[in-house]
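Please read them with the sequence and the model open side by side.

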Amino acid sequence: MGFLHESEPMSWEQSKSVLKYVREHGIEQFLSVLRTCGATNGDPFKWGDEVEHQVFRLIPGATGPEVVAALRSPEILAELREKEEQLQASGAEGCAWMPEFGRWMLESTPGKPYEGLAAAATAEAQLSLRRRRLRASLQPDEVAPTVTAFPLLGVGETQVRGPVLDSLFLPDESIFPHPRFPTLARNIRERRGGKVEIRRPKMKDVQSLPVETSNAVPQTIEEADALDHVYADAMPFGMGSSCLQVTMQASSIEESRRLYDQLAPLTPVLLALTAATPFLRGWICHRVFFLASTTPLRKSRYDSVDCYISEDSAQFNDLPMVFEAGHLDQLLHAGVDEVLAKHIAHLFARDPLVIFADRVELDDSRDIDHWENLQSTNWQSLRWKPPPPHKGQLSNEDADHIGWRVEFRSMELQMTDFENAAFISFIILVSRAILDLKLDLRIPMSKVEENMTVASRRSACTKELLWFRTNPLEDASEAKYQLMSVYEILNGNEVFEGLIPLCRSYLDSQTLDSTTRQSFEEYLNFITFRSAGALPTAAEWMRSFVMAHPSYKRDGRVPAAAAHDLMAAAEKIGLGEMQGTELLGPFSALASVEPSLRAKAREVLLSEHCRHLTARHACQ
Ligand code: ADP
Ligand code: MG
Ligand code: MG
Ligand code: MG
Ligand code: MG
């Protein structure tokens, strides 16, 4: 995220007079970064993950158990940061804690970035350290399961229709109190001249009430609930969802652009594999992710990427791009090639949303607020991250400067550290394999976008087909692609070797100790199981949990007691206090063994289960 200034943010009305200024200077600031850091070469492979946590309060309740979002993250954050200082002073491993949009949310990252491929084997222990530290700062009735969204967000609230959100369902209090966040929400609403509209298909069940097909904007909760889809009207319904992000540093700007392009076709694959959001506003839904297209710009700021960014990717950029001719010229005149210039100009087609009054006129050779303003409010499936100022200067001279990075942003958060570590490790590994084996996964961007829509459907991981490149070792001019299942993309078929076998070839070429190699194997096997449908996605597991709950009335709605039990179960599974057997199958026994002691356990378990799985697939 960009900078969190404590000064006064401007209202939308006040911002209007400086929008053009901020955009033009944002581009200048990007050009300064390019001039000072564009020639960086040989930066080490560093990386790190981000987890967005949510905190809930479990209430016994007079009429039955309930669960609510615990609006305590400012206090929890302050406590965690204070403890962190003490821990780090005593030499303990560090974790970093940041605010998030929701007042019941916070973000964690490792204290410092990891370096090298082998560090992936330590990510799971780091995730569980963060989980335990957060847990230690909660009150006895609070839980912090790693779920993507609170199933009952916006249900049963009273202080609604505040001046910031004007929501039928949520109080303004649900936003983290740093001025950036409410200003973001208010300015988005004022800029649009209306509330945000989120609409997702409802799951119908035998007792579902008759519904109305209409795209009108409901004025009451009753009107909203009578629709054939779930309607939500405020930013916390989107920003209040948690994802799992991975940022990787490339050795140079060219490598970062190549990596970005290669990861783009993987964003829908990982979205399908990590599906974990079956509910919205107390309703069971059909889609995990909603592509809204209500803006003049075809897509919203929260969406899949629109273009590849390497100079030789122009042939794959077949989606319409919106930008101001003046911005493109500004970039081209400074010597930026056309593909990259269009990407930047496209980001800058958006309006800046939060401008701090005392940070308008800046030194474009040193400050990057305006660049970050637009960069950090394009919430897309990938983000290309140029170097930030280091010790107050744009420079790559210091040994520990931050280089050109790519952030992978399409994964939904999983309930266990094991699963999150598996997906983080997979992204790291596949990225290294792509660069080392010089794989080319690019397909037309319009196909990636089609995949994104398909990947957002219910059970896409096993039920849908995605476009994928069949000849990643051949020249881009020969690019061939076809529809494949996620299983085939990962494990191969008669025309494509498969990403996992390619990852294994890459691993074979690396010198890794056996424990590290084994942990990669475990993660790859787990992902294979998930893609084969032998293990459910979190979305499928949660949907089944609610539908099998005694309080469920077969009407497509999540009862309070079911939400309570689901959050309590997710907490226990995450902490390893309850075996997630349905979720993790043979891996659940492994996930509860200390990472360092797993070698033997895993050999026995996996050889047995992989034989079963291979046999099953051979029979299909
Ligand atoms: P943002 O919120 O903008 O995505 P964060 O500051 O939260 O960024 O950091 C994202 C991740 O990047 C963290 O896991 C962090 O450890 C990692 N990271 C920090 N420095 C580097 C670096 N030089 N290279 C790669 N990753 C890094
Ligand atoms: Mg972050
Ligand atoms: Mg975040
Ligand atoms: Mg977020
Ligand atoms: Mg991030």
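Predicted model: local features only at pLDDT ≥ 70, side-chain atom pairs only at ≥ 80, totals over all residues.

1. I would begin with ligand 1, which is surrounded by 17 residues, the closest being K46, G48, P113, T247 and Q249. By class, this shell divides into six nonpolar, six polar and five charged residues.

2. The largest share, five residues, comes from β1.

3. The next item is an open sheet of three strands, which follow the order β3-β2-β7 with antiparallel pairing. Because β3 (66-69) and β7 (142-143) stand at the edges and each has a single partner strand, one side of each is left without a neighbour in the sheet.

4. Within that sheet, strand β2 (residues 56-59) and β7 run antiparallel and are joined by two bridges; F56 has V143 of β7 as its bridge partner. Helix α20 (residues 560-575) lies across β2, β3 and β7, and runs at about 70° to β3.

5. Turning to the helices, helix α13 (residues 417-437) packs with helix α18 (residues 514-532) at an angle of about 105°, their axes being 9 Å apart. Angles of 65 to 115 degrees count as roughly perpendicular, and α13 and α18 are therefore roughly perpendicular to each other. On the side of α13 the contact is made by A421, A422, S425, F426 and L429, and on the side of α18 by F520, Y523, F526 and I527. The residues of this contact of α13 with α18 divide into eight nonpolar, one polar and no charged.

6. Which angle do α13 and helix α17 (residues 499-508) make where they pack? The angle is about 70°, with the axes of α13 and α17 9 Å apart, and that makes α13 roughly perpendicular to α17. Here α13 contributes L429, V430, R432, A433, D436 and L437, while α17 contributes L499, L502, C503, S505 and Y506. The residues of the contact of α13 with α17 divide into eight nonpolar, one polar and two charged.

Notes
Residues numbered from 1 in each chain as written. Chains lettered and ligands numbered in written order. Axes fitted to C-alpha atoms, helices over the stretch in contact; angles between N-to-C directions. Helix = DSSP H or I, 4+ residues; strand = E, 2+ residues; numbered from the N terminus. Parallel < 35°, antiparallel > 145°, perpendicular 65-115°, else oblique. Contact = placed C-beta atoms within 7 Å. Nonpolar A, V, L, I, M, F, W, Y, C, P; charged D, E, K, R; others polar. Near = placed C-beta within 6 Å. Pairing = 2+ DSSP bridges.
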